[in-house]
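I opened the model to look up a few residues and one pair of packed elements. My entries follow in the order I made them.

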Amino acid sequence: MSDEEFDENTIELGEGEEEECSVESDRKTMALSSSNKWIKEMPIDRLSVLPDSLLVRILSFLYMKEAARTSVLSKRWKFLWAELPGLEFLDDYWVSSTRTEKTLKFVSWVNRTIDIRKGNYLEKFQIKCNYDKCFASDVDTWVEFSVKNEVKVLSLMLYPGMVNDYKPPQMMYSCSSLTALRLKGCIMAYEGAIEWQSLTDLTLSYVQLNQHLLDEILSSCPVLNSLALVECWGFNRLEVNSICLNRLTVEESIHASILEISAPYTPSLNITVFPDGRKWQLRNISSVVTATINFFEFDYGCTEEVMDNANEFLQHFKHVDDLAVHRLCFEVLSIMAVNGWQLPQFKLRHLTIASFSEYEHSISGIICLLESSPNIETLLLDGYTSGGIFILHVRHVPIFQSCKIEVVMLYPHYFTHVLGVPVWPFHYR
């Protein structure tokens, strides 16, 4: 009933009754007004009207643990986070002791999550945790769960990597949905056919596998674009004949013997080796345009053997266009320069000295590399001095004419004085 109607009806009432009704009317009006105000001010729950698929999409932008916290919102949200297309379980305590209470809770959390998950589509499944053989059956369950849900990206990083004896279940090798596989701290052992037709990215770290299995993997991945073997062992030859492989990363293992590498169609190579006691055989890397080389720590200093191995190693990279030399390798080259060694003549146009730091013979090393690179256009010193990070660009060639060098560093006058070339401008970071 409207206010006007109510007033008309009270006109015929007695004076006392009219007053009483007027008071009651005021109360009702105030109550109605207050109720309307509450309705207007109450926030609208727009999320509740969205379908589960869209809510899961929203949750996918959160970290796994953050998404799991939404389970307290309501009954509908309780298990919604478990339907994320990407499940990433990262144990914060993976650097500590293996059999800790925290690790056991982590394993339990992973198991509980895959138990309550109802969806059958999985974009990514990532595990990073401590490992002990008591967890072998749990890890098997995780891998099997991933394969059954046709996972695309599988990352299994088990610590500590060098001493693990975990063998992934056989069904992993027949997972045709995989596009990226990253394993750490495993033993790969398989005799059947490998069905990784869609795999484009393979990274193996601290993994043991024999020569036959490695060859079988390489021949069973027709679209493999990136391959990384980081301190793996059990084989002594790496032959990659695929025209699809664009990036190859190899870091030598202390367990490895002489390694022979052939990658005739690969344009990018990143390689780290021990310079003492062993020689690598790089048979065919003629298509490499971009190369990154580094040495591991070696025991007995920069001996004649180390310098001889380094010189022979560098011969394989004379043709590259873009070369990055990391700290230990650069230190060896610097000592070689001081001892009168002649480096190979490089055709490179771009040179990077990565992880650069002030070193007793660093200037000798820089000059020696520049002398060996008559076509150099850009020199990048990426690292630090006692004061901070700096970058040096060489803009004109050849280096022995009136070169103009642009410097971005904290202490540029050091290099101005030693190189004897004009540098400008000085940009401070």
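Predicted model: local features only at pLDDT ≥ 70, side-chain atom pairs only at ≥ 80, totals over all residues.

Entry 1. Leucine 369 has a relative accessibility of 2%. Buried means under 20%, so I put leucine 369 down as buried. I found leucine 369 in helix H10, which covers residues 362–371.

Entry 2. I then listed what leucine 369 touches, leaving out neighbours within four places in sequence. The contacts are Phe330, Leu333, Leu343, Phe346, Leu351 and Ile353. I also checked leucine 369 against glutamine 342, 27 residues apart along the chain, and got 9.6 Å between their C-alpha atoms.

Entry 3. Next I looked up threonine 352. Strand S14, residues 350–357, holds threonine 352. Is threonine 352 buried or exposed? Its relative accessibility is 17%, so I count threonine 352 as buried. Not counting residues up to four places away in sequence, I noted that threonine 352 is in contact with Leu323, Ala324, Val325 and Leu380.

Entry 4. Last, I turned to the helix pair H5 and H6. H5 spans residues 101–116 and H6 spans residues 136–148. I read an angle of about 35° for their packing, and their axes are 11 Å apart. The crossing of H5 past H6 is left-handed. On the H5 side I noted Val107, Val110, Asn111 and Ile114 in the contact, and on the H6 side Asp138, Thr141, Trp142 and Phe145. Sorted by class, the contact of H5 with H6 comes to 5 nonpolar, 2 polar and 1 charged residues.

Terms used:
Residues numbered from 1 in each chain as written. Heavy atoms only, no water. Helix = DSSP H or I, 4+ residues; strand = E, 2+ residues; numbered from the N terminus. Buried < 20%, exposed > 50% of the residue type's maximum accessible area, 1.4 Å probe, protein only. Contact = heavy atoms within 4.5 Å. Axes fitted to C-alpha atoms, helices over the stretch in contact; angles between N-to-C directions. Left-handed = near helix turned anticlockwise from the far one by under 90°. Nonpolar A, V, L, I, M, F, W, Y, C, P; charged D, E, K, R; others polar.
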